[in-house]
Amino acid sequence: MIQNTLISLPNSHLRQPSQKVGLITSETKELIDHMRDITLEWEASRPHEVGVALAAIQIDIPLRVVIVRNDFDNKSDTSFSTFINPVITKYEGELVEDFEGCLSVKDVYGKVPRYSKVRIKALDETGTEVRFSAEGFLARVFQHEIDHTNGKVFLDHIKEEPLAFYALSEEGNLQQLDYEKDIASSDTLWGK
């Protein structure tokens, strides 16, 4: 039985690439169920946030498995789709800056540039290959999660952008952080 919990920065495993899944087994399906449970558990304690997606590395399992919520706008819909060994086969559209947060990056949000459309190839949880396009927020979610499988976190895209870092207030509003004080020399965010 999988007992892993969420890991967060400064855990160095978040910046290491994950391994491809060679064979989908009952353990893979147990991992997927556990990822869903962990995401919903995280969300339950946060009135202003929704658990949108999770990569297996975020619970310290270095496999290329990603779950994505089926309905981002309905917190009562707790269904997710699974993507195994996902890759972006093509970036399209324009680069759009928007806010991102992460279950593995505590209390910091960023205004991150991402492509507005991507094409993705993956396996579903039965091992069937799926190919599809994602646009808008869904494209952003896939870029964020596939970055996790490649050992990147959203902060790595904006490290040199002092005005791109935010925190969530108790009222649920994003407020800009002081880059020099809160971000630039943070051992938590960047390691030692």
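Visitor: Which helix or strand gives the largest share of the lining of the largest pocket?
Guide: In this predicted model, the elements that give two or more residues to that lining are β3 (80–102), β4 (105–123) and α2 (136–149). The largest share is six residues, and the element they come from is α2.

Visitor: What is the volume of the largest pocket, and which residues are closest to its centre?
Guide: The volume of the largest pocket is about 750 Å³. Its lining is made up of 30 residues, and those closest to the centre are W42, E49, G101, C102 and Y109.

Visitor: How do the residues of the lining divide into nonpolar, polar and charged?
Guide: Polar residues number seven, and charged residues also number seven. The nonpolar residues of the lining number 16.

Visitor: Is E49 buried or exposed?
Guide: E49 lies in the loop between α1 (26–44) and β1 (53–55). Leaving aside residues up to four places away in sequence, E49 touches W42, E43, K75, Y109 and L168. Its relative accessible area is 16%. Buried means under 20%, so E49 is buried.

Visitor: Which strands do the buried residues of α1 pack against?
Guide: The buried residues of α1 include L31, M35, I38 and W42. Residues three or four places apart in an α-helix point the same way, because there are 3.6 residues a turn. The strands that the buried residues of α1 pack against are β1, β2 (65–69) and β3.

Visitor: How many Å does α1 reach from its first C-alpha to its last?
Guide: α1 has 19 residues, and 27 Å is expected at 1.5 Å a residue. The reach of α1 is close to that, at 27 Å.

Conventions:
Residues are numbered from 1 along each chain as its sequence is written. This is a predicted model: local features need pLDDT of at least 70, side-chain atom pairs count only at pLDDT 80 or more; totals for chains, interfaces and linings use all residues. Side-chain values use heavy atoms; hydrogens and water are left out. Helices (H or I, at least four residues) and strands (E, at least two) are DSSP runs, numbered from the N terminus. Buried means under 20% relative accessible area, exposed over 50%, partly exposed in between (1.4 Å probe, protein chains only). Contact means heavy atoms within 4.5 Å. On a 1 Å grid over the protein atoms alone, a cavity is a set of points where a 1.4 Å probe fits but cannot get out, and a pocket is an open set with protein on both sides within 12 Å along at least five of seven lines; lining residues have an atom within 4 Å of a point. Grid points are joined across faces, edges and corners, and a volume is the space filled by probe spheres set on the points. Ala, Val, Leu, Ile, Met, Phe, Trp, Tyr, Cys and Pro count as nonpolar, Asp, Glu, Lys and Arg as charged, and the others, Gly among them, as polar. The expected span of a helix is 1.5 Å times one less than its number of residues.
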